[in-house]
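Me: I would like to go through the labels used for this model and see what each one rests on. Please set the values against the cut-offs.

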Amino acid sequence: MALIRLADIDELEGIPREIAESGQEQYGQLLNTWRAIMNKPDLFGAYLPFLRQVAGPGSLDAGIKDLSALYVGYLNHCHYTASHRSTSGFKNGLTAEQMLAAVEERWGGFDARARVALQFTKELTLNPQN
């Protein structure tokens, strides 16, 4: 039995439901993390737009964001995150070798922006107080 009940999309109304449907269409599934947060529709209504701001288009390209998120999953021993982020990485043009190099800290083959992002990811994940 699950420790946290996983809500279904048909339990939502209004904006939270629209956001869940959009997320499901965009990612091809409803992640269990989302379904857990959906128990609090107002929180979910704020969470996915926030996630899109972090993971969506911005100063860093999607590949670097995927490498960073994959590395966080690896550092935290979270197979769920690592699986989801590697799937996204493949979708965004990363190779298996690039993803492996990121988690094994073989960053020499990456450009300067990716190396800085991975170093920042490591520090923020392992030493958040700094």
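**Cores, helices and burial**

Reply: In this predicted model, the largest nonpolar core has 15 residues, and L67, Y71, M99, A102, W107, F110 and L118 touch the most other members. Helices α4, α6 (96-103) and α7 (112-126) each supply at least two residues of this core. The largest share, five residues, comes from α4.

Me: What makes this a nonpolar core?

Reply: A core of this kind is a set of buried nonpolar residues joined through side-chain atoms within 4.5 Å. L118 shows the contacts of one member: not counting residues up to four places away in sequence, L118 touches L67, S68, Y71, A102, W107 and F110. A second, separate core of twelve residues includes L30, L31, W34 and F44.

Me: Which residues of α6 are buried, and what covers them?

Reply: The buried residues of α6 are M99, A101, A102 and V103. Their cover includes α4, α5 and α7. Just after α6, E105 takes a positive phi of about 60 degrees.

Me: Why is G89 called buried?

Reply: The cut-off for buried is under 20% relative accessible area. G89 has 0% relative accessibility, so G89 counts as buried. Its place is in helix α5 (residues 79-91). Leaving aside neighbours within four places in sequence, G89 is in contact with D66, L94 and M99. G89 and G63 are 26 residues apart in sequence, with 6.2 Å between their C-alpha atoms.

Me: How do you know that K65 has no salt bridge?

Reply: A salt bridge needs a side-chain nitrogen of Lys or Arg within 4 Å of a carboxyl oxygen of Asp or Glu. For K65, the nearest side chain of opposite charge is D61, 8.5 Å away.

Me: Where is K65, and what does K65 touch?

Reply: K65 lies in helix α4 (residues 62-75). Not counting residues up to four places away in sequence, K65 touches Q53, V54, A55, G56, P57, G58 and L60.

Me: How does the reach of α1 compare with the expected span?

Reply: Helix α1 (residues 14-27) has 14 residues. The expected span is 1.5 Å times one less than the number of residues. For α1 the expected value is 20 Å, and the helix reaches 20 Å from its first C-alpha to its last, which is close to expectation.

Me: Why do the buried residues of α1 line one face of the helix?

Reply: The residues in question are P16, I19, A20 and G23, which are buried in α1. Seen down the axis of α1, the buried residues fall within an arc of 100 degrees, so they line one face. These buried residues pack against α2 (32-37) and α3 (41-55). Just after α1, G28 takes a positive phi of about 80 degrees.

Me: How many helices and strands does the protein chain have?

Reply: The protein chain has seven helices and zero strands. Along the sequence the pattern reads α-α-α-α-α-α-α.

Me: What percentage of the protein chain is buried, and what box do the C-alpha atoms fill?

Reply: Buried residues make up 32% of the 130 residues in the protein chain. Taken along the principal axes, the C-alpha atoms fill a box of roughly 50 × 30 × 25 Å. Among contacts between residues at least 6 apart in sequence, 55% join residues at least 24 apart.

Note on methods:
Residues numbered from 1 in each chain as written. Predicted model: local features only at pLDDT ≥ 70, side-chain atom pairs only at ≥ 80, totals over all residues. Heavy atoms only, no water. Helix = DSSP H or I, 4+ residues; strand = E, 2+ residues; numbered from the N terminus. Buried < 20%, exposed > 50% of the residue type's maximum accessible area, 1.4 Å probe, protein only. Contact = heavy atoms within 4.5 Å. Lys, Arg positive; Asp, Glu negative; His and termini not counted. Arc of directions from axis to C-beta.
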